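This report concerns the contacts between chains in the structure shown below.

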Protein chains: 4
Amino acid sequence: MDAESLRLAERFLPSTYLKQAQDADISRRSRIHQLLEKRKCPDEGWDDQMIEGLLVDLSKMDSNNFPANCGVGERESRIFSGLVAQRHYRLGHGIGRSGDISEIQPKAAGSSLLNKLTNAMVLDLIRRIGIRGTQACLMMPMATGMTVMMTLLALRDSRPQAKYVLWPRIDQKSCLKAIVTAGYQVVVIENLIEGHELRTDVPALQEKVSTLGPENVAAILTTTSCFAPRGVDRLEEVAKICKEHDIPHIVNNAYGLQSTKCLHHIQQAGRVGRVDAFIQSTDKNFMVPVGGAVVAGFDAQFIEHIGKMYPGRASVSPVLDLFITLLSMGVQGYTSLMTQRSEHMDYLRTRLREVADSFDLQLLLTQNNPISTGLTIPKGVGTELGSQLFLRGVSGVRVVVPNQIKTIAGVTLKGQSELCIVMIV
Amino acid sequence: MDAESLRLAERFLPSTYLKQAQDADISRRSRIHQLLEKRKCPDEGWDDQMIEGLLVDLSKMDSNNFPANCGVGERESRIFSGLVAQRHYRLGHGIGRSGDISEIQPKAAGSSLLNKLTNAMVLDLIRRIGIRGTQACLMMPMATGMTVMMTLLALRDSRPQAKYVLWPRIDQKSCLKAIVTAGYQVVVIENLIEGHELRTDVPALQEKVSTLGPENVAAILTTTSCFAPRGVDRLEEVAKICKEHDIPHIVNNAYGLQSTKCLHHIQQAGRVGRVDAFIQSTDKNFMVPVGGAVVAGFDAQFIEHIGKMYPGRASVSPVLDLFITLLSMGVQGYTSLMTQRSEHMDYLRTRLREVADSFDLQLLLTQNNPISTGLTIPKGVGTELGSQLFLRGVSGVRVVVPNQIKTIAGVTLKGQSELCIVMIV
Amino acid sequence: MDAESLRLAERFLPSTYLKQAQDADISRRSRIHQLLEKRKCPDEGWDDQMIEGLLVDLSKMDSNNFPANCGVGERESRIFSGLVAQRHYRLGHGIGRSGDISEIQPKAAGSSLLNKLTNAMVLDLIRRIGIRGTQACLMMPMATGMTVMMTLLALRDSRPQAKYVLWPRIDQKSCLKAIVTAGYQVVVIENLIEGHELRTDVPALQEKVSTLGPENVAAILTTTSCFAPRGVDRLEEVAKICKEHDIPHIVNNAYGLQSTKCLHHIQQAGRVGRVDAFIQSTDKNFMVPVGGAVVAGFDAQFIEHIGKMYPGRASVSPVLDLFITLLSMGVQGYTSLMTQRSEHMDYLRTRLREVADSFDLQLLLTQNNPISTGLTIPKGVGTELGSQLFLRGVSGVRVVVPNQIKTIAGVTLKGQSELCIVMIV
Amino acid sequence: MDAESLRLAERFLPSTYLKQAQDADISRRSRIHQLLEKRKCPDEGWDDQMIEGLLVDLSKMDSNNFPANCGVGERESRIFSGLVAQRHYRLGHGIGRSGDISEIQPKAAGSSLLNKLTNAMVLDLIRRIGIRGTQACLMMPMATGMTVMMTLLALRDSRPQAKYVLWPRIDQKSCLKAIVTAGYQVVVIENLIEGHELRTDVPALQEKVSTLGPENVAAILTTTSCFAPRGVDRLEEVAKICKEHDIPHIVNNAYGLQSTKCLHHIQQAGRVGRVDAFIQSTDKNFMVPVGGAVVAGFDAQFIEHIGKMYPGRASVSPVLDLFITLLSMGVQGYTSLMTQRSEHMDYLRTRLREVADSFDLQLLLTQNNPISTGLTIPKGVGTELGSQLFLRGVSGVRVVVPNQIKTIAGVTLKGQSELCIVMIV
């Protein structure tokens with residue numbers, strides 16, 4: 001309803017009723033203006049109607065939705081199925097251009113603006129929840145593993161000789177695959193056992209850098225969020241080594257945005273040492289379907305460089321999910337979920353301790369892991385316990401078995417921890 | 001995207017791309033302006049995106065969707081289920097006010113405008129497809145039977161004494177119920193058999209008027225669209241009688257809007273005699289779900305009076321369906337469906353004649369029924385034929401049985417026609 | 001996914017994963033079985049996915065959605081617009097048949113089942129929240145006013161002579177219209193002022209019955225839910241009079257289902273006297289869009305009779321909204337909303353008392369109105385206060401002006417109460 | 001509605017009506033059974049209701065939609081926004097596992113089955129429209145450029161030394177980026193000018209292979225679909241060279257699936273020589289939003305190997321779009337679109353020839369390009385013509401300028417063709 005429509009509507013309705021509707025619309029519009037002007041995630045979440053209204057407006061800005069469009073190119077965003085058109089709000093052009101994932105498409109002003117706004121909101125949110133020094137971020141329409149890989153590939157230009165990636169061990173397949181598929185050789189740095197916890201062996205890492213020669217090290221890949229009994233890597237110390245030896249430092253912060261501790265370590269590491277990029281999954285941190293990741297960093301140019309490596313366009317779908325979710329949550333929604341998560345963790349620890357006391361087990365003492373906890377369990381009950389929990393609808397529990405040997409992407413890993421069962425909140 | 005938003009969007013996108021999107025939007029807006037200004041059904045149908053865009057705009061004009069609304073009344077359009085809110089585009093206030101179905105609601109400017117526009121479009125369409133003299137119409141959010149009843153109730157004021165409704169017989173329950181529930185006494189005028197056809201017995205009708213006394217006749221209720229072998233009523237002749245004796249004349253045009261013949265007879269009847277209202281079902285004429293009817297007439301005041309009889313608000317849902325459908329069809333879409341229907345009828349007649357020739361049956365010759373046709377069939381095969389067709393997925397066929405006696409709402413009717421099987425296109 | 005599909009899916013997935021999915025489905029299915037078997041509103045609400053799943057299943061049972069359907073009748077539920085089809089889950093046949101609003105349609109088994117289940121759930125809910133003696137109910141796809149009118153029309157058969165409806169006054173237009181449009185004469189029984197409250201003048205009513213003669217009284221129409229300072233009618237006493245004199249008693253319980261007090265009075269009145277039907281709005285009691293009402297009673301036959309008066313089919317849309325909402329709320333959801341409403345009322349009274357104390361006004365003492373409260377205000381500030389509240393987004397407030405004279409449907413009413421401003425929670 | 005539900009529904013409806021609904025469901029079910037059993041794209045497209053029904057069924061099989069699920073892992077598919085959940089049919093787990101993009105997820109049987117079925121349908125379709133020898137295909141949830149890159153990365157294992165990718169030039173940025181980002185060196189093979197056309201310089205290619213040494217060539221990357229005046233590469237001859245010298249051959253078939261000519265060349269090349277993989281964009285070939293590609297080949301093991309390179313999970317969204325679209329189109333829908341496209345091309349050529357004749361221009365004679373055509377234009381009018389067309393809503397036209405020099409990803413390219421304006425159908 002533009003001004004002219006409202007004027008014409010006076011032929012049907014008293015102007016006072018229209019005035020009232022128009023007034024109500026002002027607050028909606030002003031929130032849109034603020035979003036565009038401040039480039040910030042709104043403090044308070046929007047309702048669904050406002051979000052859909054903006055999406056429809058953005059969608060109308062894409063050429064495939066122009067009333068009189070005659071496409072004679074190969075990329076005209078023709079959509080066959082009405083179901084598909086509708087579920088994407090008729091956005092079909094994707095994001096990026098051949099050259100750059102964050103470049104604007106002339107044919108798709110709406111999708112491009114959506115992408116820019118989403119990135120702006122994520123950047124604002126990351127800063128406000130704790131990593132204040134963040135200079136840039138890039139929403140990648142692919143999951144964390146692929147994003148780690150793309151980030152590693154982006155390092156090759158400046159360090160064509162370097163072929164090793166040093167990796168304080170974490171028993172997770174994707175990041176290992178990411179290194180190997182990017183064409184690098186993985187150098188595993190085994191963790192130290194400290195009480196129940198597994199922590200970064202900084203001296204071993206330091207020594208490896210010397211042995212291999214810093215110039216041959218493409219990057220050190222550390223991890224924040226992980227399953228207990230492993231703790232957050234000693235990011236600050238690794239960051240200092242990286243700074244000293246001029247080695248890129250990539251942080252796998254897969255599900256760490258939701259934890260103030262992980263955020264704090266990244267912020268500190270960036271302040272006292274070197275962090276080139278930290279990467280987080282959108283599904284785990286923003287409660288959207290699997291399919292996106294955010295790579296962020298303290299040097300805008302490097303983040304931009306990653307975007308420029310991307311060959312071709314990409315799906316707008318994960319961006320759209322994040323756009324909707326951030327507008328819907330607002331910063332307040334996000335931080336209250338963080339608080340809630342932390343309370344849930346306290347609750348879980350309390351109740352697990354009760355279980356531990358009753359059955360003579362031990363709660364894992366992993367103060368350096370803010371996200372995961374667990375119980376040591378007697379030999380032989382692991383698998384059964386796991387399947388019992390599963391039958392009761394408890395999904396996601398892991399049973400950690402000591403001395404178990406696995407080979408992933410050519411790298412052999414042997415279980416270090418005690419037998420335990422672990423959970424994440 | 002208002003002007004200010006577009007200005008602010010220039011911080012993200014080149015202004016040329018925004019200009020192009022803005023230009024594309026002009027043709028969309030101008031169609032909305034035309035709708036509001038001309039109050040006409042668009043010639044060419046709109047695409048779904050345009051329709052939904054306008055619906056969202058209208059919905060925002062209702063107070064339940066105002067960003068800061070605090071309701072302390074009993075009608076605040078609170079909607080519990082998100083599924084329900086969404087399927088109604090968050091329109092919840094219904095239409096009308098206690099006093100009048102077509103009155104504007106101060107709390108629901110959007111719903112009210114939607115209602116006004118729908119009525120304006122229907123009126124325009126009815127005029128353009130054939131009943132040029134139509135002065136007013138009213139979309140009623142209830143089906144044809146109820147609308148006939150409400151129309152009859154609206155007559156009582158001006159003719160409090162009259163207790164008879166004269167009714168050239170049609171074997172359809174709802175209209176009979178409508179008369180009886182409205183508190184009138186039905187006077188059945190049996191049809192004349194002319195060849196295969198059943199036609200209005202005008203002399204008998206005339207005589208009944210004299211016998212009962214015109215002042216005691218509340219209305220004559222004629223019918224256009226019906227199953228063969230009955231034909232369209234002799235509307236013009238009945239209309240003349242009504243005019244002469246000052247008797248209200250209501251036409252049940254249930255599914256007759258789609259037929260030029262029915263339209264023609266109503267237009268003529270209104271010209272040469274008296275037609276107070278003609279009523280048509282929205283599901284049958286506009287391909288929407290069951291639940292609405294349009295009452296139209298040559299005297300705007302009477303139509304208004306019907307609206308003013310309505311006690312309370314009503315569902316906006318049937319109006320919404322019609323609004324969407326008329327915008328989506330456009331006048332061109334409607335007339336091309338009319339042509340198509342007529343071609344289908346020719347096709348059906350041709351093929352049925354082939355069947356008739358092969359099996360020694362007879363095609364019903366019912367030139368006064370433009371909508372329905374059928375075959376006379378040998379005794380004893382009716383029921384079986386019906387169920388055979390049903391098993392083959394052919395629904396809607398009727399088997400007409402002669403001499404069958406039915407009692408509906410206290411009125412006893414005996415089958416007049418030959419045994420036949422009939423279909424509608 | 002039927003058993004055969006799951007068997008075939010084993011060609012793609014391990015059977016254990018399929019087993020797990022199948023197990024999960026059992027609890028969903030069992031809730032559907034329970035619904036069909038027990039005919040009760042579920043205790044706990046269902047999630048949207050379950051509800052939509054059931055709707056899709058029901059929709060597939062209607063003939064317009066049969067894969068190979070060839071319609072040759074006039075009611076084939078053809079839907080033109082995809083938007084319309086989708087928002088109705090492709091249900092198009094409406095409910096009821098010519099003869100009866102609650103009759104089953106052979107072409108629409110799904111819609112018919114939906115209608116039956118909705119009525120069963122409403123009946124169960126009404127019983128469980130307080131009117132235990134309810135024998136039958138009927139969801140009418142039209143708002144309260146129309147439903148009151150239809151109920152009054154249904155009385156005519158058995159009392160053809162009776163022409164008066166006695167009506168303890170309530171300043172609400174629709175019910176007055178309902179009486180007048182149904183063809184009855186309204187006899188207003190003015191209320192007694194007791195303190196701040198307006199209460200039924202039982203002696204006056206009794207006298208009027210005697211004066212007019214009970215056999216000439218078509219019905220007494222009482223009201224439960226209303227704006228302060230009027231209180232709930234003295235239902236029990238009126239019910240006794242009705243029983244004694246064999247006069248039908250209709251209760252307008254427009255928004256009273258949500259109040260235990262209103263429920264209690266209806267239940268008691270039914271126990272000690274006569275209540276033929278009590279009628280409630282679905283939008284106000286169930287938080288759905290305007291457009292439906294429920295007529296319920298202690299005598300199943302009379303309720304059935306109302307359904308049988310209905311001429312023709314009706315929209316399934318209000319039924320669908322209620323179906324979705326009841327499944328989504330569950331009985332627990334409904335009762336917790338009742339509790340919440342009551343708490344809100346306490347809160348409102350407390351805060352209004354503070355306002356009253358500060359500004360030397362008086363909180364209306366209306367202990368017989370559980371739903372509405374207000375403040376007496378000084379002369380001359382009414383209109384301004386109203387518009388000030390409106391500007392602050394507070395909708396629904398009413399200013400009651402003493403001695404104001406209004407004429408509705410030919411009936412003249414003069415304001416009785418003190419000047420006050422009232423709200424509903 | 002399972003059998004038990006239908007049995008229970010008999011309490012509400014006559015069993016004959018239920019039987020009829022059940023019968024109608026059989027044909028729906030049998031189509032689902034066929035899909036699962038035959039693993040083929042249906043011949044005839046499904047309607048939206050059937051497609052959505054199956055999607056809901058699949059969605060229910062994912063653990064996040066189990067009625068009683070308690071997630072204590074990091075990947076539990078929690079979805080914050082209802083809008084997001086709904087647009088993905090509540091599928092949130094993505095596809096693939098850390099190790100392999102086509103691996104099944106235990107927590108997401110539905111998503112996994114969806115993925116398998118989509119791949120099976122695409123494979124079937126590719127075979128039936130022309131590349132009969134195709135052994136395997138893999139839908140990648142990323143666009144063509146990224147998929148080319150992943151395919152090139154997958155070659156490294158078996159040819160760790162090879163560092164060159166030979167590339168018969170095509171002026172398109174993404175494929176160039178794909179090679180460079182994958183870490184290879186691009187060796188441009190300039191095309192030969194033959195009449196208006198640019199065609200593969202096979203001798204030059206052959207010579208380059210000799211010069212560099214076949215063992216140093218990682219792959220030859222050819223192209224089928226492209227803008228005129230370039231033609232389809234001489235695939236068969238290149239394939240023979242690849243076979244002879246044991247060099248991998250990747251075909252960029254970006255929008256070539258819709259052209260019988262492109263299909264024919266790939267099929268032939270696979271028969272007479274070596275083709276390791278051919279890659280096509282889903283948006284361009286299947287009319288879905290940008291974001292997916294299909295890599296297919298004549299050796300199932302290599303295609304599988306590509307899948308196993310993928311680090312981590314991926315978005316199910318592009319798979320979902322393709323699933324819906326293939327079911328909706330059916331093979332018949334696809335082939336009729338192919339025919340239509342070809343007719344449109346004939347029409348465009350005819351009308352362009354008329355333009356050419358009127359303005360003394362020349363239609364590009366590019367018989368080896370079945371998809372694109374154009375006109376040679378006089379000097380100086382290119383840009384203006386382009387913008388004139390753009391203003392008239394014609395998008396996608398390209399102006400090819402001779403001798404223009406561009407540097408992409410470090411590779412310098414100089415325009416070879418005559419000045420012309422080209423279009424694609």
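## Extent of the A–D interface

Buried area is the accessible area, taken with a 1.4 Å probe, that two parts lose on being put together, summed over both. In this predicted model, chain A and chain D bury about 6400 Å² between them, and 60% of that area lies on carbon and sulfur atoms. The contact draws 78 residues from chain A and 78 residues from chain D.

## Symmetry of chains A and D

Chain A is superposed on chain D by a rotation of 180° with 0.0 Å of shift along the axis, at an RMSD of 0.0 Å. The two copies are therefore related as by a two-fold rotation axis. Among the residues of chain A, Arg87(A) comes closest to this axis, its C-alpha lying at 2.5 Å.

Of the interface residues of chain A, 100% are also interface residues in chain D, so the copies meet through the same surface.

## Specific contacts between chains A and D

Arg87(A) also takes part in a salt bridge with Asp321(D), in which the closest N and O atoms are 2.9 Å apart. The interface of chain A and chain D holds 4 salt bridges, together with 37 residue pairs in polar contact, both residues being at pLDDT 80 or more. Helix H13 of chain A (residues 317–359) gives the most to the side of chain A that touches chain D, with 8 residues. By class, that side of chain A has 38 nonpolar, 24 polar and 16 charged residues.

## The interface of chains B and C

Between chain B and chain C, about 6300 Å² is buried, 60% of it on carbon and sulfur atoms. In this interface 78 residues of chain B are in contact with 78 residues of chain C.

The count of salt bridges between chain B and chain C is 4. One of them joins the side chains of Glu74(B) and Arg398(C), at 3.1 Å from N to O. There are 37 residue pairs in polar contact between chain B and chain C, both residues being at pLDDT 80 or more. Helix H13 of chain B (residues 317–359) gives the most to the side of chain B that touches chain C, with 8 residues, and this side comprises 38 nonpolar, 24 polar and 16 charged residues.

Strand E13 of chain B (residues 394–395) pairs in the parallel sense with strand E1 of chain C (residues 70–71) over 2 bridges. Ser395(B) has Gly71(C) as its bridge partner in E1(C).

Key: Residues are numbered from 1 along each chain as its sequence is written. Chains are lettered from A and ligands numbered from 1 in the order in which they are written. This is a predicted model: local features need pLDDT of at least 70, side-chain atom pairs count only at pLDDT 80 or more; totals for chains, interfaces and linings use all residues. Side-chain values use heavy atoms; hydrogens and water are left out. Contact means heavy atoms within 4.5 Å. A polar contact is a pair of N or O atoms within 3.5 Å; within protein, one must be able to donate a hydrogen and the other to accept it, and residues adjacent in sequence count only if both atoms are side-chain atoms. Helices (H or I, at least four residues) and strands (E, at least two) are DSSP runs, numbered from the N terminus. Ala, Val, Leu, Ile, Met, Phe, Trp, Tyr, Cys and Pro count as nonpolar, Asp, Glu, Lys and Arg as charged, and the others, Gly among them, as polar. Two strands pair if DSSP finds at least two bridges between them. Copies are superposed by least squares on the C-alpha atoms of residues with pLDDT of at least 70 in both.
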